[in-house]
Amino acid sequence: MQITRNPTRSVRIGTTAIGADHPVAVQSMTATHTQNIDATVEQVNALHAAGADVVRVAVDSTKDAAALAEIRKQTQANLSVDLQENYRLAELVAPHVDKIRYNPGHLYHHEREKPWQEKVRYLAKIAVDNDCAMRVGVNCGSVDPAVKDRYAHDDSISPMLDSAFEHCQVLDELGFSRYCVSLKDSDPQKVIEVNRRFAERRPDVPLHLGVTEAGLPPDGIIKTRIAFEQLLSRGIGDTIRVSLTVSNPRKPEEIEAGRKILADIAAGRVRSVVDFGLSTLNIISCPSCSRVENEAFIDLAEQVKEMTRYASEHAITIAVMGCRVNGPGETDDADLGLWCGPTVVNLKRRSESLGQFPYDAILPRLKAELDALISAGR
């Protein structure tokens, strides 16, 4: 089945069938800087050639938006735009893409005095005027603060669901039906739970599945497979993305991994049910994308994995994040967290900041903190 501009629904499109009449589309996201038009076009086309049904490009400025207009001219891929913190950029990019993705938790960054419902109304109108679908992208590390405050600190699933349901309700009231929802976490068990609960209440809304910050392969593929098998085998999920920490030339590996998982599920080659409540070391790292401010982050993730092998039998979670957008919030729940800026790495012990360190000095400090946790009985 070919994906076409202006599908009847936003995401019920794809080339791999899971069960009877259940096509699933495979998405990916560029990791190049959008303003580097040649590099971004090259990566979009590489992902498209690898079998990506939709390729997502991040836009964070008017210069990014101008670059996207040129990128659109040089590719036949279906493009989705990842709106960052300025939702008003939608009107600049919508003429050049097939789908707009926004994060409810980021709507409060711009024009803080304006109700989020008004901002969603604006986005829906832009989508209609430009024949675009939309994705409501709810992320565990950047939930709307007003929603998050309703629940206990250790309840990450309820705020995500509330945010998703509220945005669906507003879009429904506006008469806008060409939307899907994603609910992502770095823990595959939470991804399973939050999507299962959403699908029970809103089976009519297409779902985009993904384990955010799945990490380095092969671990990241395994985590993603666990979530996809449990959800797709129950008929939950319409598009997928495998998010891996890999260098730019290796980004098509995400598509290959996604296609392999879908083919296995379709053929009944499903692994046994796995409880991902690890009693061993768990390293979380985000996918390389255009938000990464220093590509040394990818090498650092590899170095962290290698350096920590001696602690493999300890139930400790280490998170390595590549940007300021998700890094601060999504390291809060890790025993030790690193979120990487342009020149320094921010080290955290759960929500506590331990300071900033140069890239070439972070590993010894991380090891010292890891050793302290082990000595404390972790």
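**View 1. The largest pocket of the predicted model and its volume**. The largest pocket has a volume of about 740 Å³, a volume being the space filled by probe spheres set on grid points joined across faces, edges and corners. On a 1 Å grid over the protein atoms alone, a pocket is an open set of points where a 1.4 Å probe fits, with protein on both sides within 12 Å along at least five of seven lines, and lining residues have an atom within 4 Å of a point. Of the 37 lining residues, D185, S186, D187, K190 and D333 are the closest to the centre of this pocket.

**View 2. The lining of the largest pocket**. Helix 7, strand 10 (282-285), strand 11 (317-321) and helix 11 (327-330) each supply at least two lining residues, and the largest share, three residues, comes from strand 11. Helices (H or I, at least four residues) and strands (E, at least two) are DSSP runs numbered from the N terminus. The lining divides into 14 nonpolar, 10 polar and 13 charged residues, where Ala, Val, Leu, Ile, Met, Phe, Trp, Tyr, Cys and Pro count as nonpolar, Asp, Glu, Lys and Arg as charged, and the others, Gly among them, as polar.

**View 3. The contact of helix 7 with helix 8**. P188, Q189, V191, I192, N195 and R196 in helix 7 meet K223, I226, A227, Q230 and L231 in helix 8, contact meaning heavy atoms within 4.5 Å. These residues divide into six nonpolar, three polar and two charged.

Residues are numbered from 1 along each chain as its sequence is written. In this predicted model, local features need pLDDT of at least 70, side-chain atom pairs count only at pLDDT 80 or more, and totals for chains, interfaces and linings use all residues, while side-chain values use heavy atoms, with hydrogens and water left out.
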